[in-house]
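Colleague: I am new to this model and would like a close look at one part of it, then at how the rest is arranged around that part. Please keep to what can be checked against the coordinates.

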Amino acid sequence: MRLDLKSINQCVRCGSCRTFCPVLEESGWESANARGRIMILKGLTCGLSPDSKVLESLNTCTTCGICTENCPAGINPPQMIESARRELVSMGVMTRQQEDLSRIIYASGNTFGETRDRLSWFSSDRSTTPKSADYVYFVGCMNSYRYPETAARTYSLLHRFKATLLPREVCCGSPLMRIGYNASRFVDENCRQISEIGASTVITGCAGCYTTLKNSYPKDFRVLSVPEFLAEHISELDLKKLDLTVTYHDPCHLGRHNRIFEQPRQVIEAICSLMEMKTNREAARCCGGGGGVRAGYRDLSLQMARRRLEDASDEVDYIVTSCPLCIRNLSDAGAGERVIDLVDLVTMALNDPKNAD
Ligand code: SF4
Ligand code: SF4
């Protein structure tokens, strides 16, 4: 098997990653930790057969990156694991869950197999969306189909700055890439539409879409997360102070992977009080939803989310985040409507919400 032997051999097996891996924390197995996964990669290069246990080890990594953050040898285990998943898929070795998810996305263009119009959340006349614009709001599968109110509120905010929508947005490709599949068809289709609109900046409210647009798409446009955009424009929004105390959950693909730590906090602090979670910023515990783990290993994923909720004080009114997958997982793990999007908080603070369009 073709794997990056240099990185594999760079692991000094110190076990520092054992202190941090959220999967190991739940399962207790070395094979669920970065070091164990790297030993399995080494085994694969020496002829180890990729059986179901090997696949379980590699596919339960949420790609949270906290091991990378704390690895004294400077290696990047989630990158190595993703590339092993790609290699295995190219050899036809995958789990049924990987096959099912990829089939759904290839067939429908979204992660849910939805056949509904992706823009059904958009209640206004579609002819009002500009055909050319500097800013495009990339909605993502999750907000399009599962959080339509968040999609509408985000568009409403961004449209104040003349942002438009892609007419036929498709999945950004992130779930396919995370589980080892090729997503070039989706990348090409979204890029074609962005270029037709002539946008210089694409803004998204999903951490998975953000890291994919920013790091796996051609560098033809600037990519901003909604927290970055809002922090840049906070003084132009007419916001009131709210008598609330909230906490902020750092989505791994916004925080550790792309260093977006301060912008969401700036927005929150312009509106209300912020009480940090027990682990935050670089050290934030993963919600357990990423890397295809929610799709493939739901119980494990929810166990991690329940653990993450223990990091939030009971005194806070809301757990605010900026990723619909984190919202879904934390919400399903018991937080319910106590977990909200940053955009929901900003909308509550608008002095003129009716004039948002
Ligand atoms: S912290 Fe890094 S070097 Fe140490 S065992 Fe984990 S992956 Fe290997
Ligand atoms: S990326 Fe996260 S889940 Fe994956 S091995 Fe590293 S710490 Fe564990």
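How many bridges join strand β5 to strand β7?

Modeller: This is a predicted model: local features need pLDDT of at least 70, side-chain atom pairs count only at pLDDT 80 or more, and totals for chains, interfaces and linings use all residues. Residues are numbered from 1 along each chain as its sequence is written, while chains are lettered from A and ligands numbered from 1 in the order in which they are written.

Strand β5 (residues 245-248) is joined to strand β7 (residues 318-321) by three bridges, and the two run parallel. Helices (H or I, at least four residues) and strands (E, at least two) are DSSP runs numbered from the N terminus, and two strands pair if DSSP finds at least two bridges between them. Within this pair, valine 246 has tyrosine 318 of β7 opposite.

The pair belongs to an open sheet of four strands in the order β6-β5-β7-β8, with parallel pairing. At its edges stand β6 (273-274) and β8 (339-341); each has a single partner strand, so one side of each is left without a neighbour in the sheet. Two helices lie across these strands. Helix α14 (residues 262-269) lies across β5, β6 and β7 and runs at about 175° to β5. Helix α17 (residues 324-335) lies across β7 and β8, at about 165° to β8. Such angles run from 0 to 180 degrees between N-to-C directions, and the axes are lines fitted to C-alpha atoms, for helices over the stretch in contact.

A second open sheet of four strands has the order β2-β1-β3-β4, again with parallel pairing. Here β2 (164-165) and β4 stand at the edges with a single partner strand each, so one side of each is left without a neighbour in the sheet. Helix α13 (residues 226-233) packs on this sheet, where it touches β3 and β4, and its direction makes about 85° with that of β4.

Strands β3 (residues 201-204) and β4 (residues 222-225) run parallel and are joined by four bridges. The chain passes from β3 through helix α12 (residues 207-216) to β4 in a right-handed β-α-β crossover; right-handed means that, with the strands pointing away from the viewer, the path from the first strand over the helix to the second runs clockwise.

The chain is divided into domain 1 (5-94), domain 2 (126-232) and domain 3 (237-355), with bounds that come from an automatic or database domain assignment.

The ligands remain. Ligand 2 is surrounded by 15 residues, the closest being Cys21, Ala34, Cys61, Cys64 and Cys67; a residue is near a molecule if its C-beta atom, placed from the backbone, lies within 6 Å of it. At least two residues of this shell come from each of α2 (22-27), α3 (34-45), α5 (66-70) and α6 (77-90). Around ligand 1 there are 15 residues, of which Cys11, Cys17, Arg35, Cys71 and Ala73 come nearest, and α3 gives the most to that shell, with three residues.

Note on methods
Contact = placed C-beta atoms within 7 Å.
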